Amino acid sequence: AFSSLNGDLDVTLPRSVAVRLELQTTQCEIYTDFDVTLDHSAPTTEQGRVANRYRVEIEQSVTGTVNGGGPTLRMKTHNGDILIRKGS
């Protein structure tokens with residue numbers, strides 16, 4: 001897992017890597033050189049009551065697989081791009 005608050009996440013992986021990606025950025029963009037097969041699932045929601053207030057938290061992320069999938073690689077940033085590059 002990789003995370004950043006105010007900076008880009010720039011990772012280079014081998015061309016033959018097989019991973020499942022969970023990517024989330026709040027205010028920026030996601031770029032990759034890999035062909036990613038995206039999962040089309042609903043966002044995760046968490047609901048509850050705190051004191052006299054009702055709270056709903058929605059977490060949206062992009063998930064998908066590269067080269068058929070494998071271990072999960074999580075990348076999350078609040079104010080920075082996510083870049084996943086193919087190595088040589």
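Strands are DSSP runs of E of at least two residues, numbered from the N terminus. Buried residues have under 20% relative accessible area, exposed ones over 50%, and partly exposed ones lie in between (1.4 Å probe, protein chains only). The structure is a predicted model, in which local features need pLDDT of at least 70 and side-chain atom pairs count only at pLDDT 80 or more, while totals for chains, interfaces and linings use all residues. Residues are numbered from 1 along each chain as its sequence is written, and side-chain values use heavy atoms, with hydrogens and water left out.

Strand 9 presents a covered face formed by Leu73, Met75 and Thr77, whereas Thr72, Arg74 and Lys76 make up its uncovered face. This strand belongs to an open sheet of five strands with mixed pairing, arranged in the order 1-9-3-8-5. Strand 1 (2-4) and strand 5 (36-38) are the edge strands, each of which pairs on one side only. From one strand to the next, the twist averages 20°. Two strands are taken to pair if DSSP finds at least two bridges between them. In general, strands of a sheet pair through backbone hydrogen bonds, either parallel or antiparallel.

Strand 9 runs parallel to strand 3, to which six bridges join it. Along this pairing, Arg74 of strand 9 stands opposite Glu22, and Thr72 is the bridge partner of Arg20. Strand 1 is also parallel to strand 9, and three bridges join the two. Here Phe2 is the residue opposite Met75.

Contact is defined as heavy atoms within 4.5 Å. With neighbours within four places in sequence left aside, Met75 is in contact with Phe2, Leu9, Val11, Glu22, Leu23, Gln24, Ile82 and Ile84.

Thr63 is located in strand 8 (residues 62-66). Because its relative accessibility is 10%, Thr63 counts as buried. Apart from neighbours within four places in sequence, the contacts of Thr63 are Arg20, Leu21, Glu22, Thr37, Leu38, Asp39 and Ser41.

Technical notes:
Helices (H or I, at least four residues) and strands (E, at least two) are DSSP runs, numbered from the N terminus. Axes are lines fitted to C-alpha atoms, for helices over the stretch in contact, and angles run from 0 to 180 degrees between N-to-C directions.
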